[in-house]
Amino acid sequence: MNARLEHFAQIVSRDQFDLAEASFMLAQDIYPGIDIAAYLGQLDDIALAIRKRIACDAFAEQKVIALNYYLFNEMRFAGNIDDYYDPRNSYLNEVMERRIGIPITLSILYLEVGKRLGLNLKGISFPGHFLVKLAVKRGQLVLDPFIGGEAQSEADLRQRLAQVLPSDKAENAQLEQYLEAATPRQIIARVLRNLKRIYVQTGKPEQALAVMQRMLLVMPESAEELRDRGLVYLQLECFRPALSDFQNYLRRKPEAHDVAEIRDKIVELKKVSTHLH
């Protein structure tokens, strides 16, 4: 494991870690020269500019209004509707440079600037669309950084659920179960899943493999991620690592639905491996 991956592994092994730093580290595979300290400094600068505009005793809702105005009206951060699956949307450094992103990366930006303003914002892994919430005196605000930090009503949230869940499940859903706060690890895993999907679907196995190496550092207990990495190793003709991942997958999930298929691959790989030196 190279030094960058080792550092990433150390950070994400903690229960709580710096979400912004980990997000910028994901970009190291594509942007090896990324200056993470400089980008963290940019987040500090954005927060400082907003803090100068609000009173020392400003309450949470006032801070949210100032945060929204500065990020989305002055800096013009926006959701990338035209090219949603551009991988650059998932790298926080690119989001900051281009001022365009997808719900989860714009939410990470929002969370990190908000944290610097003293806002106790939490990410929400809402089905199909990442959101942010903030506890206030009257309950909680649910905000969507993809559309300018707009507050989401209960009707808005139910409409979102109806778009991604079967109709019977959406109608009977208890909203609260979908509004649980996401941990930093869950947030980073969701960014990595987005990138993995994009690189696999666009036929970029080397990039997909780099993403999967990080995913297995974030979610080391995931048998499915082991299997998927094995499939990419196989595609890249890295037969021994593929064999190892498939064998470990079956050890972890001996009753998996695709046992027969993976066993067949193991048999073939063992034949190939005997001819390798």
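## Basis of the model

A polar contact is a pair of N or O atoms within 3.5 Å; within protein, one must be able to donate a hydrogen and the other to accept it, and residues adjacent in sequence count only if both atoms are side-chain atoms. This is a predicted model, in which local features need pLDDT of at least 70 and side-chain atom pairs count only at pLDDT 80 or more, while totals for chains, interfaces and linings use all residues. Residues are numbered from 1 along each chain as its sequence is written, and side-chain values use heavy atoms, with hydrogens and water left out.

## Overall features

The protein has 13 helices and six strands; helices (H or I, at least four residues) and strands (E, at least two) are DSSP runs, numbered from the N terminus. Its C-alpha trace spans about 70 × 50 × 35 Å along the principal axes.

Of the 277 residues, 51% are buried (buried means under 20% relative accessible area, exposed over 50%, partly exposed in between, with a 1.4 Å probe and protein chains only). Among contacts (heavy atoms within 4.5 Å) between residues at least 6 apart in sequence, 54% join residues at least 24 apart.

## Helix α1

At the start of α1, a side-chain oxygen of Asn2 comes to within 3.1 Å of the backbone nitrogen of Arg4. Within α1 (residues 3-12), the buried residues are Leu5, Phe8, Ala9, Ile11 and Val12. They lie on the same side of α1, because they cover an arc of only 165° around the axis; the arc is that of the directions from the helix axis to the C-beta atoms. An α-helix has 3.6 residues a turn, so residues three or four places apart point the same way. The buried residues of α1 pack against α2 (19-26), α9 (184-201) and α10 (205-218).

## Two helix pairs

Two packed helices are described by the angle between their axes and the distance between the axes. Axes are lines fitted to C-alpha atoms, for helices over the stretch in contact, and angles run from 0 to 180 degrees between N-to-C directions. For α2 and α6 (residues 103-116), the angle is about 145° and the axes are 10 Å apart. Their crossing is left-handed, a term used if the near helix is turned anticlockwise from the far one by less than a right angle (right-handed if clockwise). Leu19, Ala20 and Ser23 of α2 meet Ile108, Leu111 and Glu112 of α6. These contact residues comprise four nonpolar, one polar and one charged; Ala, Val, Leu, Ile, Met, Phe, Trp, Tyr, Cys and Pro count as nonpolar, Asp, Glu, Lys and Arg as charged, and the others, Gly among them, as polar.

Helices α12 (residues 239-252) and α13 (residues 259-274) pack at about 145°, with axes 9 Å apart, and their crossing is left-handed. Residues in the contact include Phe239, Leu243 and Phe246 of α12 and Ile262, Ile266 and Leu269 of α13. By class, the contact has 11 nonpolar, two polar and four charged residues.

## Individual residues

Asp258 sits in the loop between α12 and α13 and is buried, with a relative accessible area of 7%. Leaving aside neighbours within four places in sequence, Asp258 is in contact with Arg227 and Tyr249.

Asn93, in α5 (residues 92-98), is buried at 4% relative accessibility. With neighbours within four places in sequence left aside, Asn93 is in contact with Phe24, Ala27, Tyr31, Ile34 and Tyr39.

Asp44 belongs to α3 (residues 36-51) and is partly exposed at 41% relative accessibility. The C-alpha atoms of Asp44 and Leu117 are separated by 9.5 Å, with the two residues 73 apart along the chain.
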